[in-house]
Amino acid sequence: MVDSKKFWDRMAPKYAESPMRSVKDYEHTLAITKSYLAPDMRVLELGCGTGTTALSLAPLVGQYIGTDQSGEMIRIAREKAEEAGLSNLSFLALSAQESTQRDERFDVVMGFNLFHLTPDPEGLMRDIFALLAPGGLMISKTPCLADRAFGWKRFLVRAILPLLKRIGKAPQVGLWRIADVDRLIDGAGFETVEAGNWPAISRYVVARKLE
Ligand SMILES: C[S@@+](CC[C@H](N)C(=O)[O-])C[C@H]1O[C@@H](n2cnc3c(N)ncnc32)[C@H](O)[C@@H]1O
């Protein structure tokens, strides 16, 4: 089986340079996410990759911590943060599981294009719930490669993924439907305040831990 950390370490330089798939969808995600942020908030972004989202959101909040299991992703993220000179932004090389075991409280915990890659999403979502302050928000976006919205390509992914994993060209990936994401978030005790699909196979959710 592919070691997820090694896989993403190897991918990091290419990931940093590859153009965004859909700038329009990404900007829509950023705009909605920004509307939930405020200057006094402490934010944790899990699986932050090379920090592109963190750099854009950190100026809107009090403190922003980005974590990723890949030391290479974090190295690149730190370089970008240093250039941007944002004093409230820091990056740590930690898995999502390790990040949620911290003895701290956050107002917002985010994970973009992450949860379907983690080994125990249910346990992770429960830990995120526990980490949030009362009234805190969980914001996520998750590709749903097994959803009908992906059309015939979902069958191709199902057929080809085991081969790609065997030759080290794909990480561990959960093949989810949009309903699976909603069940995961509801199951941890959150109340969904906003959700949508853009592109059609990607589920965006803002969910609140009730006070
Ligand atoms: C598809 S990239 C997404 C990066 C970024 N969030 C984005 O949307 O551009 C997935 C990222 O999740 C990280 N990742 C995968 N599994 C993880 C885990 N269990 N804990 C922390 N990070 C993880 C990878 O190292 C990689 O940087």
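This is a short tour of a predicted model, stop by stop.

Stop 1: Now colour the shell by residue type.

**Stop 2: helix 4.** Select residues 71-84. This helix has 14 residues, and its end C-alpha atoms are 20 Å apart. Why does that agree with expectation? At 1.5 Å a residue, the helix should span 20 Å, so the two values agree.

Next, pick out the buried residues of helix 4: Glu72, Met73, Ile74, Ile76, Ala77 and Ala81. What do the buried residues pack against? Show helix 1 (4-17) and helix 3 (52-57), then strand 2 (63-68) and strand 3 (89-93). The buried residues of helix 4 pack against these four elements.

Step just past the helix to Gly85. Its phi is positive, about 65°.

**Stop 3: Asn113.** Go to the loop between strand 4 (106-112) and helix 6 (121-131), where Asn113 is found. Check its backbone. Phi is near 55°, a positive value in a residue other than glycine. Is Asn113 buried or partly exposed? Asn113 has 14 C-beta neighbours inside 10 Å, so it counts as partly exposed.

**Stop 4: Pro199.** Select the loop between strand 6 (191-197) and strand 7 (202-208), which holds Pro199. Look at the bond joining Trp198 and Pro199. This peptide bond is cis, with omega about -10°.

Notes: Residues are numbered from 1 along each chain as its sequence is written. This is a predicted model: local features need pLDDT of at least 70, side-chain atom pairs count only at pLDDT 80 or more; totals for chains, interfaces and linings use all residues. Helices (H or I, at least four residues) and strands (E, at least two) are DSSP runs, numbered from the N terminus. The expected span of a helix is 1.5 Å times one less than its number of residues. A residue is buried if 20 or more other C-beta atoms lie within 10 Å of its own, exposed if 12 or fewer, and partly exposed in between; C-beta atoms are placed from the backbone. Two residues are in contact if their C-beta atoms, placed from the backbone, lie within 7 Å.
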